[in-house]
Amino acid sequence: GKALAEVEILEPKRIAEFLESRRGKSVSIGCGDVNYRPAADALAAWLKKRYAMAVDVTAAPRRSVVRWAYQDGFGYNQPQPEPVTPDILIGNMQDNPLMFRFSLFGGDQYWLPLDVNEDFPGAGRAIVSLSHPVITQGSGNPGGKAGASQLVIGASFPAEALTAVKKLAKR
């Protein structure tokens, strides 16, 4: 198949509609790790200039705890409620706790067209996409409900996230 581009923008028309629908409104960007802050700040500046958005950037804390429920020391990961639900996420599931929603835990599940983690898309590449506007059961079984899409600037490393923001701003 075709190789992944340096910055792969999935469904650019839907992304343009997503951004246009927020013109002149307040949005939030969740960047997680502080190393992704330059990409978040660059995106915020572009959104303010191009779409007249009021932008808040947040780096939320980890949102899960390990419960040590058994005497042998075995514990399990239990997600906690998200402190905020940003409109836009930057980073990957390891570096941005607000992206845990795309990992399979108990509770509501949210979906991306492609998972973004510390290994994918990898060095030198990034993916810009919208999350799917559906929430399913924690088991992944049907019975979903409507959810809001989030714009995701997915990158394994901060430099690639900044490159993706610059490419998005050129469109």
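**View 1. Strands β2 and β3 pair in parallel.** In this predicted model, β2 (residues 26–30) runs parallel to β3, and five bridges join them. Strands are DSSP runs of E with at least two residues, helices are runs of H or I with at least four, and both are numbered from the N terminus. Two strands pair if DSSP finds at least two bridges between them. Serine 26 faces alanine 54 of β3.

**View 2. Six strands make an open sheet.** The order is β1-β8-β11-β6-β2-β3, and the pairing is mixed.

**View 3. Glutamate 11 has a positive phi.** The angle is about 50 degrees, although the residue is not a glycine. Glutamate 11 sits in the loop between β1 and α1 (12–20). Most residues other than glycine have a negative phi, and most peptide bonds are trans.

View 4. Proline 121 belongs to the loop between β7 (109–111) and β8 (126–130).

**View 5. Lysine 166 lies in helix α3.** The helix spans residues 158–170.

**Notes.** Residues are numbered from 1 along each chain as its sequence is written, and side-chain values use heavy atoms, leaving out hydrogens and water. Local features need pLDDT of at least 70, side-chain atom pairs count only at pLDDT 80 or more, and totals for chains, interfaces and linings use all residues.
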